[in-house]
Amino acid sequence: MKKIYNTIFVNGQAFNCDINMSLQELLIYLEFELNSIVVEHNNRIINFAEFNKIFFKSQDKIEIITIVGGG
């Protein structure tokens with residue numbers, strides 16, 4: 001069975017993801033620490049609790065900002 005992919009943009013870079021991949025699965029695949037990032041999906045900031053409920057359509061835009069602590 002042939003897999004179907006969507007092309008989305010992650011921090012401006014094209015990325016092909018399986019049509020069934022959630023935002024949470026994408027972030028884990030890309031090795032982000034889920035507790036230390038802010039994610040914007042199509043110009044909307046996404047709450048951590050919604051990560052597993054967001055699925056992508058072709059041309060969606062994801063911006064991921066890593067929060068770094070320190071002094």
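The model is a predicted one, so local features need pLDDT of at least 70 and side-chain atom pairs count only at pLDDT 80 or more, while totals for chains, interfaces and linings use all residues. Residues are numbered from 1 along each chain as its sequence is written, and side-chain values use heavy atoms, with hydrogens and water left out.

Starting with the overall picture, the protein comes to one helix and five strands; helices (H or I, at least four residues) and strands (E, at least two) are DSSP runs, numbered from the N terminus. Along the sequence these elements follow the pattern β-β-α-β-β-β. The C-alpha trace spans about 50 × 20 × 20 Å along its principal axes. Of the 71 residues, 31% count as buried, where buried means under 20% relative accessible area, exposed means over 50%, and partly exposed is in between (1.4 Å probe, protein chains only). The accessible surface comes to about 5100 Å², and 53% of that belongs to carbon and sulfur atoms; the areas come from the Shrake-Rupley method with a 1.4 Å probe, and for residues only the protein chains shown count as cover. As for contacts (heavy atoms within 4.5 Å), 50% of those between residues at least 6 apart in sequence join residues at least 24 apart.

Now for the sheet. The five strands make an open sheet with mixed pairing, in the order β2-β1-β5-β3-β4; two strands pair if DSSP finds at least two bridges between them. The edges are taken by β2 (13-18) and β4 (44-46), each of which pairs on one side only. Neighbouring strands are turned against each other by 35 degrees on average, direction ignored. The axes behind that angle are lines fitted to C-alpha atoms, for helices over the stretch in contact, and angles run from 0 to 180 degrees between N-to-C directions.

At one end of that order, β1 (residues 5-10) and β2 run antiparallel and are joined by six bridges. The two strands form a hairpin with two residues between them, and N11 in the turn has a positive phi of about 50 degrees.

In one of them, the side chains of D18 and K3 meet at 3.4 Å, N to O. D18 lies in strand β2 and K3 in the segment before β1, so this pair ties together parts that are 15 residues apart in sequence. D18 is buried at 17% relative accessible area, whereas K3 counts as exposed at 51%. Leaving aside neighbours within four places in sequence, D18 is in contact with K3, I4 and Y5. The other salt bridge joins the side chains of R44 and E50 at 2.9 Å, N to O. Here R44 is partly exposed, with a relative accessible area of 41%, and E50 is partly exposed too, at 24%.

Note on methods:
A salt bridge is a side-chain nitrogen of Lys or Arg within 4 Å of a carboxyl oxygen of Asp or Glu.
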